[in-house]
Amino acid sequence: MGGHRHPSDADARRLRSYESIQYLPPNSAAYRKGARSLRPAALSPGSQRWCMAALIGLTTGCVGFGLKTALFALEGGRLAVLERLATDKTMWLAALWAGSSAFALAGVAAAITAYGAPAASSSGVPEVIAYLNGITIREAFNLRTALAKFASCACAVQRAVASGLAAGPEGPMIHLGAIIGRGLSQAESAALGLNFPRAFPALRNSRDLRDHVSLGAACGVSAAFGAPIGGLLFAAEEVASFWSTELSWRVFFACAVATTTRDVLLAVGAGGFGPIRSRALVLFHITSAARRSHVLHFAAAACCGVPGGALGALFIRAQAAQAALRARWRTNDTRPKKVLEAASVALATALVFLGASFALGCDTACGDGDCHAQQLEEAYMRYWCDDRRVARGAALLLTGGEETALALCFGVYFWAAVSAMGLSPATGNVIPLLIMGALLGRLLGASVAAVLDVDPDGSDLWGDPGVWAVLGAASVFSGVTRLTISLTVILYEITDDVALLLPVMFAVLVSRTVAIKLQAESLYHVLLETKSVPVLLESSDKHYDVGPGGLDVLPVTDAMSPDPKCAYTTTTATDAAALLAAARHHTFPVLRPSDGRCCGTITRDHLLAVLRRHAAERVEPAGVRAPGDGGLEGVQMPSTRERGARMPSRSGDDDGPADDGADDDDGGEDPLRLSQLQHLSSPATRPILDAREESRLLALVKGDGTPVELGSYVHASAIKVQADFSLARALILYRTLGLRAIVVVDVDNRAVGMLTRQDLLPFHVNDYRSRRADSEAATVCDGDDPTELEATAAELADLV
């Protein structure tokens, strides 16, 4: 998504505030020199990556086990009290307990994120997608966010709705896995003051960091669903923007480790060690007669796919409208409003669910067909029913069991799922989508069975309710997320039913086609747009309104920012400070002073680091301390006089005196070592200097005419294109290589413009083309006589 609609002024400011991340580290002379002089490590880079994959999988599996244990502990206590109170004589007490406990749990969950870590709110999946697309998301991947995510999810999500919210833990697990991948691969934590630069030195760069975030997100899916293959495919299909075959092998291994770890720990926690899963995690109670492919199943898939896709599009539009309403309501201090909103929604949902369950009454547990009596006994609750009957409505609405989907009101759950999305607590939407789909499928199956007068108890292949539930769940989930391959595999892994694989594939394709016709983008991409995150995805191409020929016939000058602010390979501290003060850009073209030709780019962080070192050399010996105590946690930038000097990493930690090419045999030592350059190139949890410290630094070096050499830190492999270069191909270069910016040069290799992420957004290109067309039309109308133009055209025709 990322910007096909025209943003408001506030949204435009948020769009410009995001910083792009370069997938590969800048290839400067200092970087190349440090890489050539690295000492061989005990483990090869490949071995380090495989060891890290195992470590991330093991840690994510343990976190998944801990989260599931916490969910069951809170859920068991709350529902045990509710079941004791839910009798004919004490229903008012049951309602009081359901409402008050839901209000309290959701309020605590919202307060944890609103006051403790705002970046931990909601599912976190859109933030992971944006990060892997090349956007810095501040505070989204640190330890504080992870702890808040875990605690908030444990309070807000009890399988489906024990806190009153129609939500699930799968989205938060994906975010937690991504945080684990980032933290472990870099072997550092600013919050704990830990940094181990020698642990995995080959992984401390922007490329490996982003690859391990993708790997962690895949492990999160595996730990949430118990679906290792589905986790791999989900990361490749939906989350990651950069993928390779070699990464696929490591993700495959890590997902297997994560799933096995979680399942073994659950088996041990249940009091045994042996079979790690005795049955599928989600059961739709398909009869043995229907557990084989049949041509009628494809007809059922079509019947579910069309309404499932339409429902998915409706769900996405409802979320977009709800997000707009919340943005208008949450003004000034939004934290109390976030807590009150989440608690109120949970209270209303809990009371409505309890009332609907009571209204649906009691029913026999088994009926006349094969109903898996032992499993039903575990899922159903008796509540106000006698010993021979169960409350079918309570089984789904209060615990999330899909077994009773046919008996419940679809509209109630749709309202609850829409209301729960976008709230402050850390919650996901996978479980609600599966339940809504199962409800829709069984309702459709019951309707078809009634029309065709077939037996809906499972003896007839056409009327089996479990088949309809599976197909409905696949259709709705695909309509909302637009997943295809990964969704099909995940459903197979969690249902353990290969017979319906082909019908599920068909339902997914039908649903996705219908949903795209009604709503162009998926839920995650719409949420990114509502947050004004400038994501550049392949699905965004359809939003460029540029006429015949598309972007390929347009030059990059139709989108670039002209007259860029430039640095020089040799400059002064005053000029460098003036450049940083005059422009808030994150990347600057670098010119040679002799001829003004462009020789590469330099990032803002590298320029600040050089100025900070310069200030440490020139100013601190005179008794004045250069800024950086707050944002850099008091660590001094190195000077050329400090042998083995140290420089802080992007997250505020210290690299230590590891030998990574700092010393140079032919010209002194390079003050910024390889590990430091890699950290400056990696996505940051916070800026190297905050705004106050940066202002102090620029004021400190103002008036200093001492030369400053930038040539060693110039990214010599920066992409430069001619002014008439195709805009479509520039967009391909930007996305494929994971660039921060593209320099536009003229025939003499002089910088005439910059092409950034914001410049490539569809709305920006469309607006520029529209303004230029209006300007050309005005020129024709105001400057030339139409009669003369017609005469000129006639003369040209005669010549031809």
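Trp50, Ile229, Trp249, Phe252 and Phe253 form a nonpolar patch on the surface of this predicted model. Together they carry about 490 Å² of accessible area. Helix H10 supplies the largest share of the patch, three residues.

**Surface patch**
- Helix H10 spans residues 245-269.
- Trp50 sits in helix H3, which covers residues 45-85.
- Is Trp50 buried, partly exposed or exposed? Its relative accessible area is 36%, so Trp50 counts as partly exposed: the class lies between under 20% for buried and over 50% for exposed.
- That 36% for Trp50 also passes the patch cut-off of over 30% relative accessible area.

**Nonpolar cores**
- The largest nonpolar core holds 100 residues.
- Phe141, Leu165, Phe225, Phe315, Met436, Leu471 and Val504 touch the most other members of this core.
- Which residues does Val504 touch, leaving aside those up to four places away in sequence? They are Val470, Leu471, Ala474, Thr488 and Leu491.
- A second, separate core has 24 residues, including Ala567, Val590, Leu607 and Val714.

**Whole chain**
- The protein chain contains 27 helices and 13 strands.
- Of its 800 residues, 56% are buried.
- Take the contacts between residues at least 6 apart in sequence: 77% of them join residues at least 24 apart.
- The chain's accessible surface comes to about 32100 Å². Carbon and sulfur atoms account for 60% of that surface.

Key: Residues numbered from 1 in each chain as written. Predicted model: local features only at pLDDT ≥ 70, side-chain atom pairs only at ≥ 80, totals over all residues. Heavy atoms only, no water. Core = buried A, V, L, I, M, F, W, Y, C linked by side-chain atoms within 4.5 Å. Buried < 20%, exposed > 50% of the residue type's maximum accessible area, 1.4 Å probe, protein only. Contact = heavy atoms within 4.5 Å. Helix = DSSP H or I, 4+ residues; strand = E, 2+ residues; numbered from the N terminus. Areas by Shrake-Rupley, 256 points an atom, 1.4 Å probe, with all protein chains shown as cover. Patch = residues over 30% accessible without salt bridge, like charges linked within 9 Å, V, L, I, M, F, W, Y side chains within 5 Å. Salt bridge = Lys/Arg side-chain N within 4 Å of Asp/Glu carboxyl O.
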